[in-house]
Amino acid sequence: MFKKISWKLIGVSVILTVIISNFVQVGKSLDSLRENVLRMHILANSDSIADQSLKLKVRDAILEHSEEIFGKTVSFEDFKNVSAENLEKIHEIAQAVIDEYGFDYEISVEETKMFFDERTYGDITMPAGDYDAIRVTIGNAEGHNWWCVMYPPLCIPMASEITDNKEIEQEFFSPRELDMIQKPEKYEVRFMLWDKLKDFCNR
């Protein structure tokens with residue numbers, strides 16, 4: 001009888017170990033994803049048609065000059081460093097658009113860490129969480145925002161916020177990260193529990 005109980009305990013222990021190990025691996029992959037993505041965030045002055053249109057013109061100008069601003073860096077750290085060094089360049093590009101269309105709004109450009117809600121484009125869902133971002137605010141910054149992923153390079157000029165590019169996705173994301181952003185419904189509970197566990201441990 002004791003042998004049966006001990007074998008059952010061993011079996012339960014093995015199962016729990018596998019479950020916990022998988023949970024931790026998913027959590028670490030989530031942290032890695034958040035820590036190796038740089039997002040662009042642009043806030044319009046207001047929700048008026050003119051201000052929202054201006055926001056998109058600023059977006060287009062920045063994306064059109066993305067190679068000039070960011071170069072052809074291949075690592076996240078290099079990309080982040082180059083972007084930080086070129087905040088003034090981004091400011092100049094945005095200010096030129098503001099001036100061209102006859103507005104007198106002040107522009108602010110900064111590198112920051114900020115919270116983003118979960119967003120889905122095509123078959124990609126970026127999990128909610130804190131990400132590094134280049135934040136551009138126009139005027140009062142009280143309008144709806146626009147965002148995209150600058151690194152990996154998923155933004156495309158004059159188009160939607162994010163492009164469904166399988167080659168880029170496979171090059172920059174690990175297999176587990178790809179599964180996480182393509183099948184987020186599988187991970188929702190684990191994401192939530194991981195974040196709650198981290199919050200508890202950081203108190």
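With a relative accessibility of 52%, Ile15 counts as exposed, where exposed means over 50% relative accessible area, buried under 20% and partly exposed in between (1.4 Å probe, protein chains only). The structure is a predicted model, in which local features need pLDDT of at least 70 and side-chain atom pairs count only at pLDDT 80 or more, while totals for chains, interfaces and linings use all residues. Residues are numbered from 1 along each chain as its sequence is written, and side-chain values use heavy atoms, with hydrogens and water left out.

Ile15 is found in helix H1, which spans residues 2-35; helices (H or I, at least four residues) and strands (E, at least two) are DSSP runs, numbered from the N terminus. Together with Leu16, Ile19 and Ile20, Ile15 makes a nonpolar surface patch of about 400 Å².

In helix H4 (residues 76-85), the buried residues are Phe76, Phe79, Val82 and Ser83. Viewed down the axis of H4, these buried residues fall within an arc of 135°, so they line one face of the helix, the arc being that of the directions from the helix axis to the C-beta atoms.

Two features of the backbone concern loops. Ala141, found in the loop between strand E5 (129-138) and E6, has a phi near 55°, a positive value in a residue other than glycine, and Ala141 is partly exposed, with a relative accessible area of 23%. The peptide bond from Tyr151 to Pro152 is cis, with omega near -5°, and Pro152 is found in the loop between strand E6 (145-151) and helix H6 (166-172). Most residues other than glycine have a negative phi, and most peptide bonds are trans.

Key: Patch = residues over 30% accessible without salt bridge, like charges linked within 9 Å, V, L, I, M, F, W, Y side chains within 5 Å. Areas by Shrake-Rupley, 256 points an atom, 1.4 Å probe, with all protein chains shown as cover. Salt bridge = Lys/Arg side-chain N within 4 Å of Asp/Glu carboxyl O.
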